[in-house]
Amino acid sequence: MTNDKLNAQSIASGEISVEEISDTQLEQALKGAYESMDPSAEQEERMLEALLAAQAQAELQAEDEAEGASQQVEAQEPDEKKQAARNRARSFRKWRVALPLAACLVLVAVVFGVANAPSPSQVESPAPSQVSQPTSSTTDNKDAGVSTDGLIEITTDEPLGMAASTSEEYEYAATDSAYEADAYYIEDIDFNTEEYSAIKETGFISTKANPLSTVSADVDTASYCNLRRMINDGYSVSDLPSGAVRIEEMLNYFNYDYKAPTGSDLFSIQAQAAQCPWNPDSQLLVLGFATAPESQAASKGSNLVFLIDVSGSMNSSDKLDLLQDSFATLLESLGPNDRVSIVTYASGEEIVLEGAHGDDERTIIKAIYKLHANGSTNGEAGLKQAYEVAERNFIEGGVNRIIMASDGDLNVGISSESDLYDFVDGKRETGIYLSVLGFGSGNYKDNKMETLADHGNGSYHYIDSIEEAERVLKEKLTANLIPFADDVKVQVEFNPAQVKAYRLIGYENRELADEDFRNDAVDAGDVGPNAQFTVAYEVVLADSAQKIEEPELKYGSAPQAYENASSDWLTCSMRYHAFDGDEMREQQLAVDASTVAAQPDADWNLAAAVIEFGMLARDSEYAGTSNEDGILDLLAAAPANDQTDSFRKLVVNALD
Amino acid sequence: MEAKKNIQRQDGGPVQNNPGDIAGIFSRHVKTVYRLCYSYLASPHDAEDATQAVFMKLVAKPRTFEDAEHEKAWLLVVAANYCKDVLKSAERARAAEMPPDVADPSAKSEPNDVLEAVLALPPLYKDCVYLYYYEGYKADEIAKMTETPPSTIRNRLRDARALLKTALEGE
């Protein structure tokens, strides 16, 4: 065994020149090498000092929280503990990433400076919002400054007019001194690497220029929950990244009293219009779409593959713990025909459970509680594995779906993001769909999550509390689990004789080209049974005082369009692929002045309130007279229930 | 060594405040954690950051341990995971394009081949090599700590041994 040609000393000194090394020699050599790595006394001292300082700070903070909690017992929901844990986690994350970020910061500032140099595209694009900016010399959209604490701050107020930027990142970071003990006291730094895609509002469109408005159905609800989380974390309306506000998802979060469809129609369509609360010259038209509460599809069973991110970043009370706690809810709605698999991914991917029967609660719950978070995030490998498992357990004619739970921080590594999306796109053809559940804060990647769900034909929800997890897993997700109608498209044709212009509210990233409405190769949203979605328009009638930019057409436009005798405002058409008959179906509803109500119903008031709040949250240039009192007035006429109450609290919380 | 089983559910166990003890925990394990971090990150500066981040987790979320062995095992697992995260992150990838800062006054001995061979190991092997060869854990214990099948750990150790030997013999 031992090789006498060598002794440990010569190995430790690095002089190894023989063919064979014994295990013992290797062990000794390794020990020597590891010992040479020891930290210096100076380093040890420095680290200890920082730890003690941080501990003192944490204790102070805990005291503050305890005090604060006792002062507002009734005002807050019973998750103060969670909140405290979240705050601690946040302050820790701040510390952990402050240093590398500070290093990147100068670079970032330089890049932004370049990106902000006036460009022709910027001049042409309409300024989407009127943010009053502090006077700043070279940067229109951003304000960079160095505060007295040694903090460099870059905030992105409105990235919308920027041709160069497609994703919004807002970052705060500390300078180099951050990793020294004293900088840890600076509690106000809100370090954050969350990412949102920029949203460009559509604005008013003249019916003369384009009488058609086409969108894909959207049953996502993530944006509302994510905003709620941020507001509960202490963000005020002006701090919210505008890219995080998607008004259609806010509207779809709420349940409306829409009627059930009749006959062979899969959807009911309802319309109600009334004087727009924030614009005296327009009408607010709310179109509601609803599917039947029950479905016939479930009998063949569901093949559900849960793809769960167990990377280190998921190790938090508002992420993996929350997911585990909420899992039992989902199992209630599953039966013996259903198959449940669990695939986890972190540095590596692993099949934790495959093809368990839906009624085998014990096995499933045991598997889910065995998970714990560590490692990095190789999302791509996890996705591939999940698709393989889903294919192996494929239920012909049933539901085949992957449900991905993540904070979206896919440091994919191997391939680019677009490759990931292409991969998901390709897999959609196999009949396996992908839904996404978003968790957590701090490094949340909203943009990636939404894009993934869109490509996978799935819905996207954000989970900020156990209540929301239950709501999504039980109501929303099972509703959207069963393919019922997919490629659901909505096209509204306005009658130029009655309507001068219209503005689609929200749905900015869901708009389709008008000619794609009947092009069945073009993918659109997927809607399950027991689902609702809402599309709202601000409609400027022909006799309105509002001035609308109209195109100057040299050859004029078809005169009959302006002189038709129809009193219709518009016709709303839906087109979708119905699973029950495996065919494309269309439905239509003509809307005229009779939909205008002097006293609009409760659903309309709720929708109007949500839109006003959304516009304030994203600092929309079309917000008009929207304000807190207006929203509260609308909510007074909204359905009196828990969801309205909690929204009212949120509004007050955010706008006060 | 039995106590290591308890790391299975890191967040499920009783979590208590044990104020004041951070200094004790730190002095007991700083070298253990630092060496592991260094072996991953190959830079005294990064190792210091990582070590501090690992102990900072205890400050941010205090927890109780069965005994010193459990405490150590927890720290080692957290440190390994933290370092893997650091290595994967994009910042690291960018920084890696810059020349590595090898020259460092805090490194006590001259850089030698064994050290270089250890630092050159793929990250996958680094924790098991350190835990096995320096800390004296058995393959089965490492498997439990890292929640990896024992056969995988044994394979990794075998591969790592072969890599190290090749590197050293090749000199």
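Reader: OK, what pLDDT does chain A average?

Author: Chain A averages 74, and 71% of the residues score at least 70. That score is the predictor's confidence in each residue, from 0 to 100.

Reader: And where is the pLDDT below 50?

Author: Residues 1-19 of chain A are one such stretch, with 35 contacts in the model beyond near neighbours in sequence. Residues 73-79 of chain A are also below 50, and that stretch has one contact of this kind. A contact here means that the C-beta atoms of two residues, placed from the backbone, lie within 7 Å. Where pLDDT is low, the predicted coordinates should not be read in detail.

Reader: Got it. On to sheets: what is the strand order in the five-stranded one?

Author: The order is 6-17-19-9-8 in chain A, an open sheet with antiparallel pairing. Strands are DSSP runs of E with at least two residues, helices are runs of H or I with at least four, and both are numbered from the N terminus. Two strands count as paired if DSSP finds at least two bridges between them.

Reader: Which strands are at the edge?

Author: Strand 6 (205-206) and strand 8 (267-275) of chain A, each pairing on one side only. Strand 6 of chain A is joined to strand 17 (residues 499-505) of chain A by two bridges, and A:Ile205 stands opposite A:Tyr502 there.

Reader: Which helix packs on the sheet?

Author: Helix 15 (residues 602-617) of chain A does, touching strand 8, strand 9 (283-291), strand 17 and strand 19 (532-541) of chain A. Its direction makes about 110 degrees with that of strand 9 of chain A. For such angles, axes are lines fitted to C-alpha atoms, for helices over the stretch in contact, and the values run from 0 to 180 degrees between N-to-C directions.

Reader: What about strand 20 of chain A, how many bridges join it to strand 21?

Author: 10 bridges, with the two strands antiparallel. They form a hairpin with four residues between them, and A:Asp582 in the turn has a positive phi of about 50 degrees. A:Tyr576 has A:Arg585 in strand 21 of chain A as its bridge partner. Strand 20 (residues 568-578) of chain A also pairs antiparallel with strand 16 (residues 485-494) of chain A, over eight bridges.

Reader: Switching to chain B: at what angle do helix 2 and helix 3 cross?

Author: Roughly 130 degrees, and the axes of helix 2 (residues 44-60) and helix 3 (residues 68-88) of chain B come within 9 Å. The two helices of chain B are therefore oblique to each other (under 35 degrees is roughly parallel, over 145 roughly antiparallel, 65 to 115 roughly perpendicular, the rest oblique).

Reader: Which residues meet there?

Author: From helix 2 of chain B, B:Ala50, B:Ala53, B:Val54 and B:Lys57 meet residues of helix 3 of chain B including B:Leu75, B:Tyr82 and B:Val86. By class, this contact has nine nonpolar, no polar and one charged residues (Ala, Val, Leu, Ile, Met, Phe, Trp, Tyr, Cys and Pro count as nonpolar, Asp, Glu, Lys and Arg as charged, and the others, Gly among them, as polar).

Technical notes. Residues numbered from 1 in each chain as written. Chains lettered and ligands numbered in written order. Predicted model: local features only at pLDDT ≥ 70, side-chain atom pairs only at ≥ 80, totals over all residues.
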